Amino acid sequence: MNAADMKQLDVNALKAKVKALEEEVFRVRFQHATSQLQDASKLGKTRRELARAKTVLRSKELGK
């Protein structure tokens, strides 16, 4: 999901997305640590998506 798609969501939906992405980052980090992760770039992609969601959420909270 890109930033333009996230900007269309409301604050509650973004909070849910952030929570889901935080859980996904945890799972991916755990898989990486136990050598079960097939795609090593998935961790970076998931972390970037989480950062993007947090940025859009903060922007909406500030009213920009």
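The model is predicted, so local features need pLDDT of at least 70 and side-chain atom pairs count only at pLDDT 80 or more, while totals for chains, interfaces and linings use all residues. Residues are numbered from 1 along each chain as its sequence is written, and side-chain values use heavy atoms, with hydrogens and water left out.

**The helix pair**

Helix α2 spans residues 11-33 and helix α3 spans residues 41-62. Helices here are DSSP runs (H or I, at least four residues), numbered from the N terminus. The two pack at an angle of about 155°, and their axes are 9 Å apart. Axes are lines fitted to C-alpha atoms, for helices over the stretch in contact, and angles run from 0 to 180 degrees between N-to-C directions. α2 and α3 are therefore roughly antiparallel to each other. That term covers angles over 145 degrees. The crossing of α2 past α3 is left-handed: the near helix is turned anticlockwise from the far one by less than a right angle.

From α2, the contact is made by V11, L14, K15, K17, V18, L21, E22, E24, V25, V28 and R29. From α3 come K42, L43, T46, R47, E49, L50, A53, K54, V56, L57, K60 and E61. Contact means heavy atoms within 4.5 Å. By class, the contact of α2 with α3 has eleven nonpolar, one polar and eleven charged residues. Ala, Val, Leu, Ile, Met, Phe, Trp, Tyr, Cys and Pro count as nonpolar, Asp, Glu, Lys and Arg as charged, and the others, Gly among them, as polar.

**Salt bridges**

Side chains of opposite charge can pair when their charged atoms come close. A salt bridge here is a side-chain nitrogen of Lys or Arg within 4 Å of a carboxyl oxygen of Asp or Glu. The count comes to six salt bridges. Among them are these:

| Salt bridge | N to O distance |
|---|---|
| E23 and K19 | 3.6 Å |
| E24 and R27 | 2.8 Å |
| K42 and E24 | 3.7 Å |

E23 and K19 both lie in helix α2. They are four residues apart, about one turn of the helix. E23 is partly exposed, with a relative accessible area of 39%. On this scale, buried means under 20% relative accessible area, exposed over 50%, and partly exposed in between (1.4 Å probe, protein chains only).

E24 and R27 also sit in helix α2. Because they are three residues apart there, about one helical turn separates them. E24 is partly exposed at 21%, and R27 is partly exposed at 42%.

The K42 and E24 bridge joins two helices. K42 is in helix α3 and E24 in helix α2, 18 residues apart, so the pair links distant parts of the chain. K42 is partly exposed, at 34% relative accessible area. Together, E24, R27 and K42 are linked in a network of salt bridges.

Not counting residues up to four places away in sequence, E24 touches K42 and T46.

K42 is in contact with E24, V28 and L37, leaving aside its neighbours within four places in sequence. K42 and H32 are ten residues apart in sequence and 9.6 Å apart in space, C-alpha to C-alpha.

T46 lies in helix α3. At 7% relative accessibility, T46 counts as buried. Its contacts are L21, E24, V25 and V28, again not counting residues up to four places away in sequence.

**The loop between the helices**

S35 lies in the loop between α2 and α3. Its phi is near 60°, a positive value in a residue other than glycine. Most residues other than glycine have a negative phi. At 67% relative accessibility, S35 counts as exposed.

Terms used: Angles under 35 degrees count as roughly parallel, over 145 as roughly antiparallel, 65 to 115 as roughly perpendicular and the rest as oblique.
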